[in-house]
Amino acid sequence: MTRGSSCVIMLMMQMHVIMWVDMIVLAEGGRIGINWGRVSYQKMMPSMVVDLLLQNEIKEVRIFNPAGNVLEAFTGTRGQLAVSISIPNDHFYKVNTTENALQWVDNWITTFKQRINMRYVIVGTDPFSISFVNKTRENNAGILKMVQDAVNARGYGMEIKVSTPQYTDMINTHLNTTLKPSEAEFLPQYTDMMTDYLRLLQKNKAPVMLNLSPLQYVQENNLDINFAFMDKKSSYIVRDNNGLVYDNAFEFLYDSFLWAMKKSGFDDMKLVVTQIGWPTDALQVGTVTNAERFYASFLPYISSNRGTPLKPGLNIDVFLHSLSDENKVTLDWGPFQRHWGIYQFNGEPKFRIDFTGQGREIWPSIARGFTYMPTRWCVFNGDMRDNKTVSGEVDKCCNLADCSSLEEGGSCSHLDYKQKVSYAFNRYFQTRVTNQTDICYMKGFGHVVYKDPSDGRCSFPIEIIAAERKQRLDEFLGERSTSDDPEEYYPAAASVPRGDMVLQFTILIFLPLLIIYW
């Protein structure tokens, strides 16, 4: 055999191996990640979250509000997890100059990069959305460029990409059901800005990101609710002019966005879904049953590598929204926004879900290591002689705690007046996480009971004790703090490892006195 023929054979073998590897990658389907937001009174300890992700074989996580102790928990997971971190809209001031952006990159990427597999930096969200217009940041592209330039300057640009999620209401098909995906385009007032934004992403080989909500799309357009699911039970079908057929909102909206990008001259860019899920409370169709149904068909679809009618065989990466509820999220866009979580605050899953996309009817792993408040509840004593004062106490409680389950369609909306007052009193009482029963006084209208007032449909929860307060104690006793967020160590309620409850209460009660005396 000649040297030349040997080289040809070797080249053919290499090409065969490359093709075989490509087939393996395609067979894996899209990546299934999850969002972890922490705007909540109760925060699972970061180490618990890492354990949950690994046990459930989740390979991607997006952290909405990064903090030092959070990222520390992910160190050592490079071969198992890819981590994306966000810069919220209201944190743009931290990266609004070249110096600030470089400092941010040094703090959050350089510090952790060797120990964490970092994939994306996500700058703000929904800048061109009509629904969220009051939160729009028209300087988003400038901030995006500032952060990407800083990432590139530090030498991370090949590995870490910077992008911003858009919402589907910035395309004309979102609120016009007479239009087909092939007729989609960006709204005129945003066309130029989107073109600049897409050009910037294309230059840096970064993906386009999209927040997509099948449920909200269906509700806003008064369509058959089944169109929000992917199990082919919808009576509403969209037949495009090109012959393509859509029987679910996800493929309809995804392909509509692809068409809008194509008409702006960007047909070859990766489109990642950074937020999709189903709420489980505070909405008529926001139920645990519907959430389980949604994920049961959606996740196998993502892992199947089926693609969409417009792009058959396309791998679609998604981030599920979200790991757990966030009971301090704003109510501006509806109380159900506090109930996207797949997990409850105590680390128990709400429903069956197979995060691997294999479609198995399994319960995911349960988080371990929580300590609960004593088994008692604060309820209304039934005194109806001064309803004005009672209403004032209810308003106080619900302003400081989460009463969203009482909203129409919520799991506790069926309660009578006295029960609703009790629910409000108890949410406030539990959120305070205190050993003092006089918190339940409520101007003489509350009292503590030891029998669970839950009725089967509506749960009166017992909160979990603040773990991150314990972390603050550890810092006080000499351990290093890595957080730049003061609230990180001062939530009203969160999780804590199991231990001696008497000792924990002693620490929580006497620590402030110790600090003052010191």
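## A buried residue in a loop

Met442 is buried, with a relative accessible area of 3%. In this predicted model, Met442 sits in the loop that runs between helix α11 and strand β13, the latter spanning residues 446–449. Although Met442 is not a glycine, its phi is positive, at about 50 degrees.

## The protein as a whole

The protein has 518 residues, of which 54% count as buried, and its secondary structure comes to 13 helices and 13 strands. When contacts with a separation of 6 or more are considered, 71% of them are accounted for by residues 24 or more positions apart.

## Helix α4 against helix α5

Helix α4 covers residues 98–110 and helix α5 covers residues 140–153, and their axes come within 9 Å of each other while crossing at roughly 60 degrees. An angle from 65 to 115 degrees would count as roughly perpendicular and one under 35 as roughly parallel, and α4 and α5 are therefore oblique to each other. The crossing in which α4 passes α5 is right-handed.

On the side of α4, the residues that take part are Thr98, Ala101, Leu102, Val105 and Ile109, and they meet Met146, Ala150, Val151 and Ala153 of α5. Sorted by class, this contact of α4 with α5 holds eight nonpolar residues and one polar residue, with no charged ones.

## Helix α5 against helix α6

Helix α5 also packs with helix α6, and here the axes come within 10 Å and cross at roughly 10 degrees. That angle makes α5 roughly parallel to α6. Ala141, Leu144 and Lys145 are the residues of α5 that meet Tyr197, Leu200 and Leu201 of α6, and the residues of this contact divide into five nonpolar and one charged, with no polar ones.

Helix α6 itself runs over residues 191–203, which is 13 residues, and it reaches 18 Å from its first C-alpha to its last, close to the 18 Å expected at 1.5 Å a residue. Its buried residues are Met194, Thr195, Tyr197, Leu198, Leu200 and Leu201, and what covers them includes helix α5, strands β5 (161–163), β6 (165–167) and β7 (208–211), and helix α8 (249–263). After α6 comes Lys205, whose phi is positive, near 55 degrees.

## Helix α10 against helix α11

The axes of helix α10, residues 387–400, and helix α11, residues 417–431, come within 9 Å and cross at roughly 45 degrees. The two helices, α10 and α11, are therefore oblique to each other, and α10 passes α11 in a left-handed crossing.

To this contact α10 brings Asn387, Val390, Ser391, Glu393, Val394, Lys396, Cys397, Cys398 and Leu400, while α11 brings Tyr417, Val421, Ala424, Phe425, Tyr428 and Thr431. By class, the contact of α10 with α11 has 10 nonpolar, three polar and two charged residues.

## Helix α2 and the residue that follows

Helix α2 spans residues 46–55, and within it Pro46, Met48, Val49, Val50, Leu52 and Leu53 are buried. The helix is followed by Glu57, a residue whose phi is positive, near 60 degrees.

Asp126 lies in the loop between strand β4, residues 117–123, and helix α5. Its phi is positive, about 50 degrees, although Asp126 is not a glycine, and at 9% relative accessibility Asp126 counts as buried.

Asp169 lies in the loop between β6 and α6, and at 4% relative accessibility Asp169 counts as buried. Leaving aside neighbours within four places in sequence, Asp169 is in contact with Ser129, Ile130, Ser131, His174 and Leu187. Of these, Ser131 is 38 residues away from Asp169 in sequence, while the two are 7.2 Å apart in space, C-alpha to C-alpha.

A cis peptide bond, with omega at about 5 degrees, joins His321 and Ser322. The place of Ser322 is in the loop between strand β11, residues 318–320, and strand β12, residues 377–380.

Notes:
Residues numbered from 1 in each chain as written. Predicted model: local features only at pLDDT ≥ 70, side-chain atom pairs only at ≥ 80, totals over all residues. Heavy atoms only, no water. Axes fitted to C-alpha atoms, helices over the stretch in contact; angles between N-to-C directions. Helix = DSSP H or I, 4+ residues; strand = E, 2+ residues; numbered from the N terminus. Parallel < 35°, antiparallel > 145°, perpendicular 65-115°, else oblique. Left-handed = near helix turned anticlockwise from the far one by under 90°. Contact = heavy atoms within 4.5 Å. Nonpolar A, V, L, I, M, F, W, Y, C, P; charged D, E, K, R; others polar. Buried < 20%, exposed > 50% of the residue type's maximum accessible area, 1.4 Å probe, protein only. Expected span 1.5 Å × (residues − 1).
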